[in-house]
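Hi,

Here is the structure I said I'd pass on.

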Amino acid sequence: MASPDPVLDKDGVRLTVDDAVATVTLTNPDKRNAQSPALWRALASVGQELPGTVRVVVLRGEGKSFSAGLDRQAFTPEGFDGEPSFIDLARGSDAELDEVIAEYQSAFTWWRRNDIVSIAAVQGHAIGAGFQLALACDLRVVADDVQFAMRETSLGLVPDLTGTHPLVSLVGYARALEICATGRFVGAEESERIGLANLAVPGSELDAAVRDLAAALLAAPRDAVIETKALLRGASGRSYEEQRVAERGAQARRLRDLAGLAD
């Protein structure tokens, strides 16, 4: 079956939409899908381009690696064509630097919107910014050759692309600290065991496993999934009693909707 025409295809990012499923593909396999500010802007624009019919977003990378992280060219004096180098950015004020990093983070924030469920299909290296991009998604299905690593500390930096919150939520503070501070690799078996991955499969089965998961997510009514996702996302910030109240309110809305009594 022919692939749908791209809705967006620029700066190493391609978006295609097939009814309720959107696929976001990193398209620079020769550089192991290394990331740049232009790629981050393209990813941010994907979140704005998604049609309202989309319920599931699949994120994948072409080639042997999901994403090897930040393109090291960012640390050279030349930087990227038409972009300030990171060295130039470091010379700016705190407010200017904060604004730039916030813009970069916008590529990583929309994946957890309540109206979609996002799945990262991860093979090979997912390092630094690549690891954080996989963590930006709701769910992760990994191939048996996956290698997660948070290597920022080895460069004298910190993870700043929204990956620290989901990492701690998934594996706990102590293990997250150990993974980040050592920069070690986390393979498929461990990533599934500690909760980084929902499922680990042979590389030849990765696409099929993601399709099966997407189909299962689409089997439930959309509004019920949206309400459930909102409940679960907010649970860590609520007390037990507050969560009980949130559950009752969400269920009341669902019952009224099913009975045709919604406002």
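**Salt bridges and surface charge**

Arg193 is exposed, with a relative accessible area of 53% (exposed means over 50%, buried under 20%, partly exposed in between, with a 1.4 Å probe and protein chains only). Before going on: this is a predicted model, where local features need pLDDT of at least 70 and side-chain atom pairs count only at pLDDT 80 or more, while totals for chains, interfaces and linings use all residues. Residues are numbered from 1 along each chain as its sequence is written, and side-chain values use heavy atoms, with hydrogens and water left out.

Arg193 pairs up with Glu189 in a salt bridge, closest N and O atoms 3.3 Å apart (the rule: a side-chain nitrogen of Lys or Arg within 4 Å of a carboxyl oxygen of Asp or Glu). Both sit in helix H7 (residues 188–194), 4 residues apart, or about one turn of the helix. Glu189 is exposed too, at 54%. (Helices are DSSP runs of H or I, at least four residues, and strands are runs of E, at least two, numbered from the N terminus.)

The count comes to 12 salt bridges by that rule. Among them is Glu62 with Arg14, at 2.8 Å between the closest N and O atoms. That pair links distant parts of the chain, 48 residues apart: Glu62 is in the loop between strand E4 (56–61) and helix H2 (86–90), and Arg14 is in strand E2 (residues 13–18). Glu62 is partly exposed at 22%, and Arg14 is partly exposed at 22%.

Arg113 and Asp115 also meet in a salt bridge (3.0 Å, N to O), and Glu178, Arg184 and Glu190 are linked in a network.

Cheers
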